[in-house]
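Subject: Structure handover

Hi,

Here is the structure I promised to pass on. My notes follow below it.

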Amino acid sequence: MSRQATIEHEVVITGIQEKFYEAEMTVIASCAACQMKRVCSVSETDNRNIIVQKKDDIDVKIGDRVTVFISQSKGLKAVFWGYVMPFLCMFLVLIIVGSITKNDAIAGISAILTLVPYYFVLYLVKDKINEKYKFHIKS
């Protein structure tokens, strides 16, 4: 039996709902762990709220630290839909509109405006996306 690769994070439980937990994840940029971070202005940390699938056999309370995971393939798909696909859409619109109009300003604005309907559609299907890309508590 092969084990699927996962992405794991430590989170703090901030809320308990009927079917899921609300949790806060501290995301640390890779350079934040570097010993040169005191002289470098690039390092950063960010807190993100996530939804974690509830597990009946685990007793979790608000404030508990738990390890959550998601399959690596789902993580890569999320990166694709959140970053790669919008970039490809912008690039395609930039090339097409630029070649038709021969005006870089119009092409650039059109490429940026492509993100409005793209992210609006993602917003409309966010419940379906949340169902598909759930974190689970590691036992």
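The protein chain exposes about 10600 Å². Carbon and sulfur atoms supply 60% of that area. Keep in mind that this is a predicted model. Buried residues make up 19% of the 139 residues in the chain.

**Overall layout**

The chain holds four helices and five strands. Along the sequence, the order is β-β-β-β-α-α-α-α-β. Now take the contacts with a separation of 6 or more: 68% of them join residues 24 or more positions apart.

**Salt bridges**

Searching the whole structure turns up three salt bridges. I go through each below.

Glu8 and Lys138 pair through their side chains, at 2.9 Å from N to O. Glu8 sits in strand β1 (residues 6-16), and Lys138 sits in the segment after β5 (135-137), so this pair ties together parts that are 130 residues apart in sequence. Glu8 has 38% relative accessibility, so it counts as partly exposed. Lys138 is also partly exposed, with a relative accessible area of 39%.

Arg65 forms a salt bridge with Glu10, and their closest N and O atoms are 3.2 Å apart. This is another link between distant parts of the chain: Arg65 is in strand β4, Glu10 is in strand β1, and 55 residues separate them. Arg65 is exposed because its relative accessibility, 59%, is over the 50% cut-off. Glu10 is partly exposed, with a relative accessible area of 47%.

The remaining pair is Lys61 and Asp59, whose side chains meet at 3.6 Å, N to O. Lys61 counts as partly exposed at 48% relative accessibility. Asp59 is exposed, at 62%.

As background, side chains of opposite charge can pair when their charged atoms come close.

Start with Phe135, in strand β5. Is Phe135 buried or exposed? Phe135 has 15% relative accessibility, so it counts as buried; the cut-off is under 20%.

Next is Ser71, in strand β4 (residues 65-71). Ser71 is buried, with a relative accessible area of 11%. Which residues does Ser71 contact, neighbours within four places in sequence aside? They are Gln4, Ala5 and Thr6.

**Helices**

Helix α1 spans residues 72-101 and includes Phe80. Phe80 has 32% relative accessibility, so it counts as partly exposed. Phe80 also belongs to a nonpolar patch on the surface.

Lys102 lies in the loop between α1 and α2. Check its backbone: Lys102 has a positive phi of about 60°, yet it is not a glycine. For context, most residues other than glycine have a negative phi. Lys102 counts as exposed, at 69% relative accessibility.

Helix α2 (residues 104-113) packs with helix α3 (residues 115-124). The angle between them is about 5°, and their axes are 5 Å apart. Why does α2 count as roughly parallel to α3? Because their angle is under 35 degrees, the limit for roughly parallel. On the α2 side, the contact is made by Ala111, Ile112 and Leu113. On the α3 side, Leu115, Val116 and Pro117 make it.

**Quick reference for the salt bridges**

| Pair | N to O distance |
|---|---|
| Glu8 and Lys138 | 2.9 Å |
| Arg65 and Glu10 | 3.2 Å |
| Lys61 and Asp59 | 3.6 Å |

Best wishes

Notes:
Residues are numbered from 1 along each chain as its sequence is written. This is a predicted model: local features need pLDDT of at least 70, side-chain atom pairs count only at pLDDT 80 or more; totals for chains, interfaces and linings use all residues. Side-chain values use heavy atoms; hydrogens and water are left out. Patches are made of residues with over 30% relative accessible area and no salt bridge: like charges are joined within 9 Å, nonpolar side chains (Val, Leu, Ile, Met, Phe, Trp, Tyr) within 5 Å. Accessible areas come from the Shrake-Rupley method with a 1.4 Å probe; for residues, only the protein chains shown count as cover. A salt bridge is a side-chain nitrogen of Lys or Arg within 4 Å of a carboxyl oxygen of Asp or Glu. Helices (H or I, at least four residues) and strands (E, at least two) are DSSP runs, numbered from the N terminus. Buried means under 20% relative accessible area, exposed over 50%, partly exposed in between (1.4 Å probe, protein chains only). Axes are lines fitted to C-alpha atoms, for helices over the stretch in contact, and angles run from 0 to 180 degrees between N-to-C directions. Angles under 35 degrees count as roughly parallel, over 145 as roughly antiparallel, 65 to 115 as roughly perpendicular and the rest as oblique. Contact means heavy atoms within 4.5 Å.
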